[in-house]
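Hi,

Here is the structure I promised to pass on. Could you load it and keep it open while you read the notes below?

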Amino acid sequence: ELVEASRESARNNQGTVARPHHDKESLGEDSDDVGSTALLENGSKEPVQSPSLSGQTIREAALCIISYCFLSLGIFKSALDTTREILDIESVTPTASCTAHLYAAEALCEMGKEEEALAHLAAALEVSKSKITSAEVASIYVDISVAHARKGNIADARKAMNVAVEKNFKHPALTILAVYLNLKEGLVEEAISLLQHGMVKAER
């Protein structure tokens with residue numbers, strides 16, 4: 001349930017673990033112009049030619065979507081294999097690489113291989129660096145926290161959760177994550193308080 005909550009919140013955030021997202025870097029700088037129309041001097045409109053996309057760009061996007069579909073269907077081995085195919089592409093774009101690492105992490109977590117999942121999440125942070133928003137960074141740290149929690153490393157799970165809170169305290173998965181960690185440590189009253197008030201604060 002904890003992993004599912006993390007997955008759903010990530011989808012809602014459009015951030016990380018389980019949603020295909022491809023920016024201009026992966027789809028070409030003029031991707032916003034696809035399907036648009038140009039106003040001619042005489043006032044009439046005609047379709048603008050769609051920019052040509054490279055074969056690699058199309059392949060990366062297609063594989064990301066395929067991996068996402070496998071994850072949604074619960075076919076985690078195939079999802080993982082597809083992410084490896086993405087990462088094996090020579091000169092893979094940062095966007096596709098980050099997405100592949102995130103999907104791989106989710107698949108591995110579902111397969112009980114949390115240590116490998118953590119390695120992919122670290123790689124996703126390294127690849128993306130300043131290219132993603134604070135909300136998306138928060139989603140990655142929520143996933144890191146979930147992976148640690150599944151391993152039973154509650155202290156490390158809390159550290160990752162605190163980073164997520166600092167990056168985006170409104171992240172929808174934080175409350176259930178904090179409740180879970182409190183219950184694992186026997187802090188029942190704190191868990192109940194969180195469920196009543198729904199406010200998670202970073203611990204110092």
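First, the ground rules. This is a predicted model, with local features needing pLDDT of at least 70 and side-chain atom pairs counting only at pLDDT 80 or more, while totals for chains, interfaces and linings use all residues. Residues are numbered from 1 along each chain as its sequence is written, and side-chain values use heavy atoms, with hydrogens and water left out.

On the aromatics: searching the whole structure turns up 1 aromatic pair (rings of Phe, Tyr and Trp, the last by its six-membered ring, with centres within 6.5 Å). The ring centres of Tyr 68 and Tyr 103 are 6.5 Å apart and the planes sit at 40°, so this pair is tilted (under 30 degrees would be stacked, over 60 edge-to-face, and the rest are tilted). Tyr 68 belongs to helix 3 (residues 55-73) and Tyr 103 to helix 5 (residues 94-110), so the pair ties together parts 35 residues apart in sequence. Helices here are DSSP runs (H or I, at least four residues), numbered from the N terminus. Tyr 103 is buried at 0% relative accessible area, whereas Tyr 68 is partly exposed at 23% (buried is under 20%, exposed over 50%, partly exposed in between, with a 1.4 Å probe and protein chains only).

Next, the helix pair. The axes of helix 6 (residues 114-128) and helix 7 (residues 134-151) come within 9 Å and cross at roughly 165°; these axes are lines fitted to C-alpha atoms over the stretch in contact, with angles from 0 to 180 degrees between N-to-C directions. That makes the two helices roughly antiparallel (angles over 145 degrees; under 35 is roughly parallel, 65 to 115 roughly perpendicular, the rest oblique). The residues of their contact (heavy atoms within 4.5 Å) divide into 8 nonpolar, 1 polar and 5 charged. Nonpolar means Ala, Val, Leu, Ile, Met, Phe, Trp, Tyr, Cys and Pro, charged means Asp, Glu, Lys and Arg, and the others, Gly among them, are polar. Leu 118, Leu 121 and Leu 125 are among those from helix 6, and Ile 140 and Ile 144 among those from helix 7.

His 120 in helix 6 is buried at 19% and, beyond four places in sequence, touches Leu 87, His 101, Ala 104, Ala 105 and Leu 108. Ala 138 in helix 7 is buried at 0%. Leaving aside neighbours within four places, Ala 138 contacts Ala 164, Lys 167, Asn 168 and His 171.

Cheers
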